Amino acid sequence: MDQQLLRKREAKCVQDNPPGCTAGCPVHVDVRGMIDAIRKGDYDKGYELFHKMVPFPGIISRICDQHCRTGCKRNEIDEPISINALEKICADKCQNAPKLVRPPLKNQKVAVVGAGLSGLTAALELTRKGYRIVIFEATGRLGGSIWNIPESRLPRELIHKDFAIFEKFPVEINYNTAIGNRGGSIMSFASLCENFDAVFLGVGCKELNSLDLGLEQDASGNLVIDPVTLATSQTKVFAGGSIRLGCENRSPALSISDGKIATISIDRFLQGVSLTANRGKEGSYKTSLYTNIAGVKPQPIVTAAEPASGYNEEEAAQEANRCLSCECKECVKACEYLAHYRGYPKKYAREVYNNLSIVMGIHHANKMINSCSLCGLCEHVCPGNLNMGEICQEARQMMVAKGKMPPSAHEFALRDMQFSNSDRFVLNRHQPGFTASKMVFYPSCQLAASSPHVIKKIYNFLCERIDGGVGLMLGCCGAPANWAGQEDLYKETVQKIEQDWRSLGSPRVITACPSCFSMFKRNLPDMSVEMIWTLFDRIGLPFSEESGMEPKKLAIHDSCTTRHEDQLQTSVRNILGKLGHNIEELPHNRDNTTCCGYGGLMIYVNKEVAHKVINKRIKESEADYVTYCAMCRDNFASQGKRVYHLVDMVFSNDQDNLAEQEVPGYSQRQENRARVKTSLLREVWGETVEEPQSDVKVIIPPSVRQVMDDRTILVDDVKKVIAHAESTGNKLKDLEKDQFIAYYQPVAVTYWVEYSPQDDGFVVHNAYSHRIKITE
Amino acid sequence: MSNHAGQQTVNLVCVKCGINLTLGKIALEYLGSNFPVELYK
């Protein structure tokens, strides 16, 4: 993943963009943060955030013209937050003002002409950058036109308090010192420019000709000022404030903003760097932060009981609570995986990139990369359509290619896939009595593992209804390899499937698994593929006596792999309707559906996150659920949800208590697949199949079976350990427990088993495994 | 494994040679890194 691609992808995530209030504020006060502090009663923090961007907080807290309110999201619901009133209470209640830092002085001198808000802001900001500042003010006081504001609105002690800051910095202030041709001028503007390295002109609404500036003016007589840099026609002279805004458009916030913009320009000018590079986000702008306001109810603005005093603490807290704390996080709200890591995709994308880039050190993001279900919900809900699954899957592929994928992440799922694509399960046949197939049934490894009893019933039904022969293909579609980032293994798996399918004459594939359907559709372009549900919706259902089930209300869970399969989802609903059931739509359904915790091999990599995903989903409705994917059904059932697989409802009898069917463990799943193959060969093709005989008979109590499943240890692994120990004598005896302990490493994993002989077999007491090798 | 090592004594006997396991230095290897540890052997 190169930097350019990373930037392109992370730019889709808008979460880092400021809320509308901050973007609308010409000096970008962190209003959201300030209001959050007020909610907590932390006025010092609120003041700190306000003062960080506003050099004269006492004054501005009384006279700000609130450009922030035009960007407030509440404008779309009721009234914007009363931000200035909240700033005022921060300024009034603050007990500990932030400390000032005096930087080392530089040699360059800057003249500030005019001590209004823009000039004083420029003077203060440039001082903070270490420049030597000399202020020339024509009157006998600082502040310019703010003195025209009535004292009832702007108490004079606030002006004095804010301007006292100049006593703490080495700023030279020349009062009653006019520049230009005005009466009493001590210096021409041209002389001033000669004596200083840069000049900021903030003289307010003045008749320009009287100043004899020698700067370019437009046809209306206004000074020509670059709107981005505030540069004038003379190289070292910058101008802003009311001289730029005009007397009719005075704005305290914009004047302060001009002072800050001019500071950046003067600093760049004096450092000899570009005045114009990367200056897009200065002053007011419109944010691209998306905030979902669906369901937000109108709330009237809080009015102060005593308007002259402003909000009291209670009123301020009430008004602060009206703030929506704008943020996007649409994907984080929808996805437990994204919420688990306490960030958002822009941050995650950067972590993934860093994880891939480091050569030495700990790869902190490995587990995060491998935990994503790749379900695509984030892309669907993201205003910029950023897909974290795409990033994670690509990262997995790169980790595999570089040999940096931890073997523990996907090894068990890949071994399970290997089993399903071994001779124990794979079968490719035409229908008995046919030499060609019009269609071929591909039930999937997971349906065979979860509901082995229905495979033959579906196959027989298809054979009855479809003319021209229905073949059968047993195997795994390769999804685990695809999700694990094992590109070579996946390609090899798909090629083998394609070869087997072509050997049957390339018939139309009918599958009972949404993952197989999705994998074939995306990666085998020549293959015509359909799920049984769209087919059954067309050709009708097998309404046999035993398929009857009392009509009930069922909530449908659409599998994430069917997110964009509208027709399939509709067919499933049609079938449930034909079966007489009432359908409840879950809040997340169809193209907005969630994963069940299996996608992307999440459940193997990160059980904690998978269980969060499952539990969030199963709590969306009290109703029994119905799914059309074996793994969705099993994952929900494993956490205690009553859930049906649609295939069981059509082909089984509800006397079997289908919604509470036990979920088979990993060993049982493999056993079920193998039995599906042998029973089909015997019962459909009439072949004699010999069962493989196990040398070792084991008795495993249910509690130990659960431990083995949690540790992904198969019965077969345990048998191998005991067989090895008993044939070689390499075992330990625990004299206290009177049990044997033995280990065996068939391939990469070392398995340990604690067991004791019983009759003609062995009782298993415990099993564990590790990948660490004992070298000496 | 660490639990085993943390115990003062273990009552494990090698079935083949009838000798009690005692603490000893062994080398473990994982993903190309080696870890010398003391375990019963």
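Strand E20 of chain A, residues 773-774, pairs with strand E2 of chain B. The two run in the antiparallel sense, over two bridges. Within that pairing, Lys773(A) has Glu29(B) in E2(B) as its bridge partner. The model is predicted. The points below set this pairing within the contact between the two chains.

**Extent of the contact**
- Chain A brings 20 residues to the contact, and chain B brings 14 residues.
- The size of an interface is often given as the accessible area lost when the parts come together.
- Here chain B and chain A bury about 1,600 Å² between them.
- Carbon and sulfur atoms give 66% of that area.
- On the chain B side, the most area is lost by Asn11(B), Val15(B) and Tyr30(B).
- Together these three account for 30% of what the chain B side buries.

**Polar links**
- Six residue pairs are in polar contact between chain B and chain A, with both residues at pLDDT 80 or more.
- The count of salt bridges between the two chains is zero.

**The chain B side**
- Strand E1 (12-14) and strand E2 (23-30) of chain B each supply at least two residues of the side that touches chain A.
- E2(B) gives the largest share, five residues.
- E2(B) is also the strand that pairs with E20 of chain A.
- By type, the residues of chain B that touch chain A divide into ten nonpolar, two polar and two charged.

Note on methods: Residues are numbered from 1 along each chain as its sequence is written. Chains are lettered from A and ligands numbered from 1 in the order in which they are written. This is a predicted model: local features need pLDDT of at least 70, side-chain atom pairs count only at pLDDT 80 or more; totals for chains, interfaces and linings use all residues. Side-chain values use heavy atoms; hydrogens and water are left out. Contact means heavy atoms within 4.5 Å. Buried area is the accessible area (1.4 Å probe) that two parts lose on being put together, summed over both. A salt bridge is a side-chain nitrogen of Lys or Arg within 4 Å of a carboxyl oxygen of Asp or Glu. A polar contact is a pair of N or O atoms within 3.5 Å; within protein, one must be able to donate a hydrogen and the other to accept it, and residues adjacent in sequence count only if both atoms are side-chain atoms. Helices (H or I, at least four residues) and strands (E, at least two) are DSSP runs, numbered from the N terminus. Ala, Val, Leu, Ile, Met, Phe, Trp, Tyr, Cys and Pro count as nonpolar, Asp, Glu, Lys and Arg as charged, and the others, Gly among them, as polar. Two strands pair if DSSP finds at least two bridges between them.
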